[in-house]
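Let's take a friendly walk through a protein model. Please keep the sequence and the 3D view open as you read.

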Number of protein chains: 2
Amino acid sequence: MSITVNKICIIGTGLIGGSLALGLKKAKFCEHITGCGRSEDTLKKAMELDVIDSYEMDMAKAVSGADIVVVSVPLGAIRSVFEKIRPGLGETTVVTDAGSAKQCVIREANEIFPSKHYFIAGHPIAGTEKSGVTAAFDNLFENRKVILTPDENTDKTALALIEIMWQSVGAEVEFMSAEHHDLVLAGTSHLPHLLAFGLVDCLNNLDDVDEVFKYAAGGFHDFTRIASSDPDMWRDICLGNRDEVMSMMRRFKQEMENIYRALEDNDGDKLKTIFSRSKKIRDLFCEKNS
Amino acid sequence: MSITVNKICIIGTGLIGGSLALGLKKAKFCEHITGCGRSEDTLKKAMELDVIDSYEMDMAKAVSGADIVVVSVPLGAIRSVFEKIRPGLGETTVVTDAGSAKQCVIREANEIFPSKHYFIAGHPIAGTEKSGVTAAFDNLFENRKVILTPDENTDKTALALIEIMWQSVGAEVEFMSAEHHDLVLAGTSHLPHLLAFGLVDCLNNLDDVDEVFKYAAGGFHDFTRIASSDPDMWRDICLGNRDEVMSMMRRFKQEMENIYRALEDNDGDKLKTIFSRSKKIRDLFCEKNS
């Protein structure tokens, strides 16, 4: 298969959009990358940093003539972006996104885009607690997983194009249903973020808060790293994947109640069983992923 | 003040005891370090690695003639160690420990040691998720906090000796009540460990567990690092600091119920307020500690 990609439009040139642009340039995947977004300052910064080749504030104009449009804005802004780009989309333009929840984005795409337009829902499992174009780097996606969530109606050619795009920046592309994606991510990403935000907030309500954080060691530092993530982005993700997140929170609550009862009963064996099981799984997972 | 420390006996030459021994040797703080513990293999390994100068399996013999005895065994084993070393303690031997909960250790010391013996309760806020003498290194305590929890009956000279010992390996020594220590550590260390163990165990109960962990990214990796900690040690810590840990778990449960209600109500503003507050606190704390 030989492909020629002329223009890619990236809407939202933050950490994800900016890093993708840098990676695509490095891979010489396309001729031209146009940036688009709400903030002209960000787009000017992206130009300065050679992240994009040009920018355009008007979304319909920005996507005009693009082979691929990548929407990498916070989940809560995706609907409005879809509405704004719709008039500018060409017959063969493929639209994809990078949102952390997929069922909600697919619902919106189905509502807004006429059926003849291609939409491929995607989620790069990458990122740091930092955000913004200044945090972008060209190998953010190298050896990272990107999940695409096609269904039986998805156009195969459009799907292949987005797969090749992500592969060109070093990502490993995998496919699953949007439902399964949302469940898995609720457990491995959304719930952990809520626990980290919740823990810091909970300790903040103790007296002598400075005191408390002063004695926090390296383990706490790592554990709460994700509590430094962008609040807007995480509000949107939690609301976007609300049902799965709430279901995972209920499961976790039961788990903690189980541990609480073991403490209440001074049941050291039960605690050790839980801790040993977790350590084993976590060590195994790390071995595989390191 | 000029001090000459001849012999130090370290009971439990794991990560903490072993690293302390290596640090004390590097600082030339004493003439001789004797190791003691349940496992002769570990002590032989500690000899091989030049962590200790000699070893002795009999605890009363091991502490005989020591100026300082450092008990760095899991909390659950401290009582039995105190009982075993008691007959060997000299008139001026100072005993200290490295346990992660202090009220329970002090209760045991008060029960077991005759009043004429000095006991200084201590807790080095250092460590990694690794354990054992092979993980020990000489600068583990450099710029790390060590908390000593004296009360009005504590011998001032004994306290100063333990303070100087920790300072000699680069630690910053601070003082607080055992009650306050246990509350602070329940929040910044014990609860986070329970949440990490609990999260991994909770995800382990989902179907397709390999699948789940396969898509876990860097954030999850950092968040769950402490779930690779030693299960015996953490069972002992949780039981040792049971009341404070349970109280912190109840606080955290309320926090999570608050977040759950915000999701139920689709209350994005409330979620953003909590996330922003946490991010601000966490960023501030990191700035101070980096």
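## A phenylalanine under cover

A:Phe119 has a relative accessible area of 16%, so this residue is buried. Buried stands for under 20% relative accessible area, exposed for over 50%, and partly exposed for what lies in between, using a 1.4 Å probe and protein chains only. A:Phe113 also counts as buried, at 7% relative accessibility.

Before going on, note that this is a predicted model, in which local features need pLDDT of at least 70 and side-chain atom pairs count only at pLDDT 80 or more, while totals for chains, interfaces and linings use all residues. Residues are numbered from 1 along each chain as its sequence is written, chains are lettered from A and ligands numbered from 1 in the order in which they are written, and side-chain values use heavy atoms, leaving out hydrogens and water.

## Rings that pair up

How many aromatic pairs does a search of the whole structure find? Over all chains, there are 17. One of them joins A:Phe113 and A:Phe119, a tilted pair with 6.2 Å from centre to centre and 40 degrees between the planes. To pair, rings of Phe, Tyr and Trp (its six-membered ring) need centres within 6.5 Å; planes under 30 degrees apart are called stacked, over 60 edge-to-face, and the rest tilted.

Helices (H or I, at least four residues) and strands (E, at least two) are DSSP runs, numbered from the N terminus. Both B:Phe82 and B:Phe119 are buried.

## A helix and its cover

Which residues are buried in helix H5 (residues 103–112) of chain B? They are B:Cys104, B:Val105, B:Ile106, B:Glu108, B:Ala109 and B:Ile112. The cover over the buried residues of H5(B) includes H4, strand S5 (94–97), S6, helix H7 (178–204) and helix H10 (231–240) of chain B.

Find A:Cys30 in strand S2 (residues 30–36) of chain A. With 15% relative accessibility, A:Cys30 counts as buried. Apart from neighbours within four places in sequence, A:Cys30 is in contact (heavy atoms within 4.5 Å) with A:Val5, A:Asn6 and A:Ile8. Between A:Cys30 and A:Ile68 there are 38 residues in sequence and 9.9 Å in space, C-alpha to C-alpha.

Now turn to B:Thr13, in the loop between strand S1 (5–11) and helix H1 (15–26) of chain B. Is B:Thr13 buried or exposed? Its relative accessibility is 4%, so B:Thr13 counts as buried. Leaving aside neighbours within four places in sequence, the contacts of B:Thr13 include B:Gly18, B:Gly35, B:Thr42 and B:Val133.

## Stepping back to chain A

Chain A holds twelve helices and nine strands. Of its 290 residues, 55% count as buried. Along the principal axes, the C-alpha trace of chain A spans about 65 × 45 × 35 Å.

Among the contacts in chain A with a separation of 6 or more, 72% come from residues 24 or more positions apart.
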